[in-house]
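Hi everyone, thanks for coming.

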Number of protein chains: 2
Amino acid sequence: MTMMRTHHCGQLSLSQVGDTVTLNGWVDKVRNLGGFLFLDLRDRFGLTQCVSEGESESLSNRTLQELKAESCVQIRGCVRARPQGMKNLEIATGAIEVLIQEVTVWSKADPLPFQFGQESSEQLRLKHRYLDLRDPSLRQRIVARSQLTSSLRKLLEEHDFLDLETPYLYKSTPEGAREYLIPARVSPGQFYALPQSPQLFKQMYMVGGMDRYYQLVKAFRDEDLRADRQPEFTQVDCELSFVNEVAVRQIFTDVVRRLVNGFLGRECVTDIPQMSFEEALHAYGNDKPDTRFEMLLQDCSELWRDSSFQAFSAVVAAGGVVNAIVVEGQAAHMSRKDLDALNQEALNLGAKGLAWAKCNGTELQDLQSPLKKFVDEPLWSQLQVQLGVKSGDLLLFCAGPFDLVKAVLGKIRLSLGERLGYMDPQQLKFLWVVDFPLLEQDEETGRWAARHHPFCMPQAQDLPLLRTQPEKVRACAYDLVCNGYEVAGGSIRNHDLAVQKQVFAAIGLSEEEAESKFGFLLEALRYGPPPHGGIAFGWDRFVMLMTACDAIRDVIAFPKTLSGQCLMTQSPAPVTQQELDTLGVVHRVTS
Amino acid sequence: MTMMRTHHCGQLSLSQVGDTVTLNGWVDKVRNLGGFLFLDLRDRFGLTQCVSEGESESLSNRTLQELKAESCVQIRGCVRARPQGMKNLEIATGAIEVLIQEVTVWSKADPLPFQFGQESSEQLRLKHRYLDLRDPSLRQRIVARSQLTSSLRKLLEEHDFLDLETPYLYKSTPEGAREYLIPARVSPGQFYALPQSPQLFKQMYMVGGMDRYYQLVKAFRDEDLRADRQPEFTQVDCELSFVNEVAVRQIFTDVVRRLVNGFLGRECVTDIPQMSFEEALHAYGNDKPDTRFEMLLQDCSELWRDSSFQAFSAVVAAGGVVNAIVVEGQAAHMSRKDLDALNQEALNLGAKGLAWAKCNGTELQDLQSPLKKFVDEPLWSQLQVQLGVKSGDLLLFCAGPFDLVKAVLGKIRLSLGERLGYMDPQQLKFLWVVDFPLLEQDEETGRWAARHHPFCMPQAQDLPLLRTQPEKVRACAYDLVCNGYEVAGGSIRNHDLAVQKQVFAAIGLSEEEAESKFGFLLEALRYGPPPHGGIAFGWDRFVMLMTACDAIRDVIAFPKTLSGQCLMTQSPAPVTQQELDTLGVVHRVTS
């Protein structure tokens with residue numbers, strides 16, 4: 001037989017009853033039920049129950065019983081219907097079993113370092129990732145990732161995107177994150193860098209007339225890793241010619257809608273609403289709102305301006321703000337201890353504190369709060385009307401500089417959302433965030449830098465402000481947000497050489513620097529570049545959300561730890577002096 | 001309008017006559033035919049003829065005429081049928097033209113540094129690769145590459161392959177080619193390496209039960225670049241569980257057949273024949289035979305052993321060989337100068353020379369050759385019979401050590417094939433080469449090394465020879481060859497820990513070295529690994545053959561030069577001292 005199997009382990013049903021079949025897979029479980037020996041055989045596709053009835057010449061039940069779980073075997077046998085009452089309707093092959101005729105042991109398994117489905121150290125699982133991949137939970141996520149990738153490619157190709165490649169050995173362009181450098185042996189003293197994104201290559205594809213480009217591609221950032229970061233990550237990188245912002249969002253709304261609904265098998269996404277950066281910041285305290293629940297940040301600064309509560313009125317007088325969130329129906333459910341914990345969280349985030357008020361009824365007398373003595377009837381009435389407070393609600397106030405208050409209450413809102421069960425991972429709430437500022441100012445140096453990257457097109461109406469009020473210039477940029485995560489981001493790019501030069505000037509890049517780093521871009525813009533723009537998805541994160549897990553390493557087959565190590569292969573590792581000599585590189589020992 | 005165009009430039013036909021349309025693209029050509037001004041507008045999809053008749057308020061023919069070629073514009077106008085006799089049946093849109101109503105200039109083009117379709121320096125084209133991509137010849141190859149990629153993915157997914165990712169930041173395993181190293185900032189003194197192939201990760205996927213894996217993935221080799229090599233290249237990397245050699249070849253014969261025939265739109269490949277390594281070496285002089293033509297290398301050592309031609313008989317007596325090739329019908333067409341050139345080629349390749357004989361008829365007296373005085377009737381008769389010589393053929397002989405003779409005549413055969421027009425790039429001759437030696441000996445050190453990589457399974461019947469006659473051990477390995485190029489190579493891998501250890505021992509890897517380099521593989525083989533094997537396609541080369549060009553850089557959008565440079569982005573490049581300091585790396589200035 002050419003093929004080592006006739007079927008895989010998720011394939012047999014009543015229509016094969018009577019057939020002799022050959023399966024391959026791993027011993028999932030062996031049970032001896034007095035003379036009958038049941039062996040569950042598992043592969044990527046499913047699980048088939050095999051059974052041996054008593055001894056035969058070629059096959060002893062003892063041999064089977066001695067097979068350790070996760071040994072790899074081939075089983076030849078005859079398909080038969082399971083007896084009435086023994087069918088398992090939960091699995092695809094649950095109506096049949098295979099009467100074992102012959103077993104070939106491909107390889108035996110030593111006792112496993114950890115058990116599937118049971119708690120065990122993540123370090124141990126990462127070291128033996130090849131075993132963890134056999135655990136159904138990880139296996140299903142990795143298979144789902146592959147299926148999502150395949151569906152996504154089809155959808156993009158239906159939209160005339162070409163799958164086009166870009167180089168990994170790129171040039172160092174020290175903007176944004178730190179890069180991984182590669183000494184170039186053939187050009188001593190020079191280095192390649194691994195790309196943080198194929199941004200300029202995809203723009204060159206557009207100048208080259210390729211019209212629509214996509215690529216699933218690795219990008220690299222040598223950052224100090226925090227939770228949920230990886231030194232290499234997968235982007236779905238896309239670029240289109242002859243589009244404006246609206247067109248890009250329209251096309252990718254279609255792609256995401258069909259991808260998500262097709263994968264989940266239900267109408268999860270219909271349209272994707274849109275929100276400005278400013279609105280997101282005001283109402284959610286950040287630029288990636290989790291819109292699965294409300295509990296918005298509300299400004300009530302003016303109400304406190306003339307109040308007798310000095311701590312608030314002084315802040316407002318000094319140009320700061322007072323914001324509130326209304327936690328519906330929680331007045332009776334939050335203990336003093338809960339409120340102290342929230343206050344501590346706010347303090348940790350840099351706030352002066354979090355003031356609370358329980359609205360046990362609608363009258364002022366029903367108010368229970370440390371602030372109560374500062375609240376008179378008119379203020380209480382205004383607060384109720386403006387914030388939309390109802391009887392039974394909990395109010396939380398935070399006062400201070402605008403940015404701080406938004407950041408603190410934005411995080412408090414998320415803590416409460418999680419605690420109150422408002423963040424169901426099965427629910428996916430997508431949102432376009434638009435009208436981002438083009439630039440941001442470094443607090444220490446006062447220098448302006450591109451908020452996204454320096455190739456974003458400024459919004460036409462804001463262009464005159466680039467020299468005078470750079471903070472007011474909005475970019476033709478957009479992020480796709482889902483459940484509080486940025487899953488994609490993009491912009492329309494500068495195809496106008498003069499505007500591109502203005503942006504470089506605004507971020508303090510001299511003409512010489514611009515030429516040395518991006519000379520080829522400036523040159524390319526001289527030869528009829530098309531209007532173009534694009535988007536890049538953080539694919540690890542997207543798959544994480546689609547499979548309802550909460551860390552990207554749960555959807556990466558071979559992830560690295562927070563210190564950038566692969567525990568399975570023990571990478572990175574020292575290299576020989578000879579190799580370093582060839583590169584002309586010395587590793588400096590720092591004392 | 002959300003979308004900036006209603007159609008692309010390859011779309012309009014008679015069925016849109018009367019419609020108002022908006023197109024975008026590049027000015028391919030402008031012709032002024034006395035009052036009528038024709039503008040050919042081009043995009044990735046095709047070319048549409050636009051026409052302006054006389055002046056109007058909003059549009060002057062002068063403006064249009066002043067548009068330089070390759071400027072980028074939008075044209076709005078009305079579709080009309082071309083007059084009888086003016087239709088161009090060679091292009092899809094050749095039956096219509098667009099009467100221009102409005103033109104928007106997106107960007108003007110400076111005069112181009114080179115002209116499409118005309119000879120120009122490759123350096124100049126590489127520097128302005130974004131323009132070269134607009135040249136229809138390169139554009140078509142890059143688009144074809146993307147289409148082939150897409151078709152290949154579909155075929156592999158039909159065969160249950162999952163598109164699975166592997167890391168790029170890997171560990172240095174100094175086997176085979178030189179690697180690109182990346183200093184790991186977070187682990188001072190340690191390095192990542194860019195993978196030469198994802199070999200061990202795909203094997204880990206198999207141990208992890210993923211069953212069938214594929215990936216289009218970049219691989220990296222820091223070799224001194226020769227013609228047609230790139231420091232990074234694209235592999236179609238595949239691995240399958242529960243397969244033997246025959247099954248792998250059967251599956252990939254199907255994939256290649258459908259891919260090639262589908263792409264070419266004709267039955268180019270039916271089955272793919274098979275040839276042993278030894279047969280290939282004997283008959284073609286190398287392990288990647290170009291089977292578009294015969295002209296095989298034939299051994300005639302025995303015939304010369306007792307001949308009076310000392311130069312040959314001495315070689316045979318010393319254990320060497322005499323080989324011949326028969327160049328059909330060329331006796332009359334090869335001048336003395338041609339033959340001298342061939343002789344010089346053989347000398348350059350290290351041979352002692354190339355002896356020729358023109359068979360102007362079938363009688364000995366018709367023989368014209370410097371060897372004639374050494375050839376008697378019996379020898380002549382034997383030569384004719386054994387080599388299959390016919391009247392009018394040219395014979396070429398080479399004598400010396402086996403390896404040298406095969407190498408020299410193998411190359412002479414290819415030179416002649418090219419010269420005689422036997423190597424039609426439109427013809428694709430695929431071949432499986434099988435039964436490769438497992439090991440090869442380093443001439444200088446005498447050490448044995450893996451011919452492919454040390455994870456290949458030895459053929460079972462040869463296993464006992466591993467200690468005693470390692471040169472005789474054949475691997476379960478196979479190459480897919482097309483037109484003299486290796487387009488894919490693979491093998492069945494060791495899933496048996498004991499055999500894997502024997503192979504490591506045979507190549508002189510101590511247990512400590514094996515543990516430090518491949519410890520995780522040895523560990524993984526303890527936990528029920530499946531029988532598995534795979535194959536990897538050199539995708540650049542495959543696409544090169546499918547698009548009938550002769551260098552892989554012709555099918556790579558952004559290739560590097562022989563010195564590893566990207567002329568467009570000026571990469572590699574120096575980096576700042578600050579960046580090096582962060583990495584703890586010093587570049588040693590060698591004097």
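Helices (H or I, at least four residues) and strands (E, at least two) are DSSP runs, numbered from the N terminus.

Now the housekeeping. This is a predicted model, where local features need pLDDT of at least 70 and side-chain atom pairs count only at pLDDT 80 or more, while totals for chains, interfaces and linings use all residues. Residues are numbered from 1 along each chain as its sequence is written, chains are lettered from A and ligands numbered from 1 in the order in which they are written, and side-chain values use heavy atoms, with hydrogens and water left out.

Let's begin with the two chains.

One contact between the chains pairs helix α4 (residues 136-158) of chain A with helix α4 (residues 136-158) of chain B, packed at about 145° with their axes 12 Å apart. Axes here are lines fitted to C-alpha atoms, for helices over the stretch in contact, and angles run from 0 to 180 degrees between N-to-C directions. This crossing is left-handed. Contact means heavy atoms within 4.5 Å, and here it is made by S150(A), R153(A), K154(A) and E157(A) on one side and S150(B), R153(B), K154(B) and E157(B) on the other. What classes of residue are in that contact? There are no nonpolar, two polar and six charged residues. In this scheme Ala, Val, Leu, Ile, Met, Phe, Trp, Tyr, Cys and Pro count as nonpolar, Asp, Glu, Lys and Arg as charged, and the others, Gly among them, as polar.

Within chain A, α4(A) also packs on α16(A), at about 115° and with the axes 10 Å apart. That makes the two helices, α4(A) and α16(A), roughly perpendicular, a word used for 65 to 115 degrees, with under 35 called roughly parallel, over 145 roughly antiparallel and the rest oblique. The crossing of α4(A) and α16(A) is right-handed. R145(A), L148(A), T149(A) and L152(A) of α4(A) touch W539(A), D540(A), V543(A) and M546(A) of α16(A). By class, this contact of α4(A) with α16(A) has five nonpolar, one polar and two charged residues.

Next pair: the axes of helix α5 (residues 199-207) and helix α15 (residues 511-524) of chain A come within 11 Å and cross at roughly 15°. These two, α5(A) and α15(A), are therefore roughly parallel, and their crossing is left-handed. L200(A), Q203(A), M204(A) and V207(A) of α5(A) meet F518(A), F520(A), L521(A) and A524(A) of α15(A). Seven of the residues in this α5(A)–α15(A) contact are nonpolar, one is polar and none is charged.

Last, a backbone detail. The peptide bond from S571(A) to P572(A) is cis, with omega near 0°, and P572(A) sits in the loop between α16 (539-546) and α17 (577-583) of chain A. Chain B has a cis bond joining S571(B) and P572(B), with omega about -5°.

Thanks, and I'm happy to take questions!

Key:
Left-handed = near helix turned anticlockwise from the far one by under 90°.
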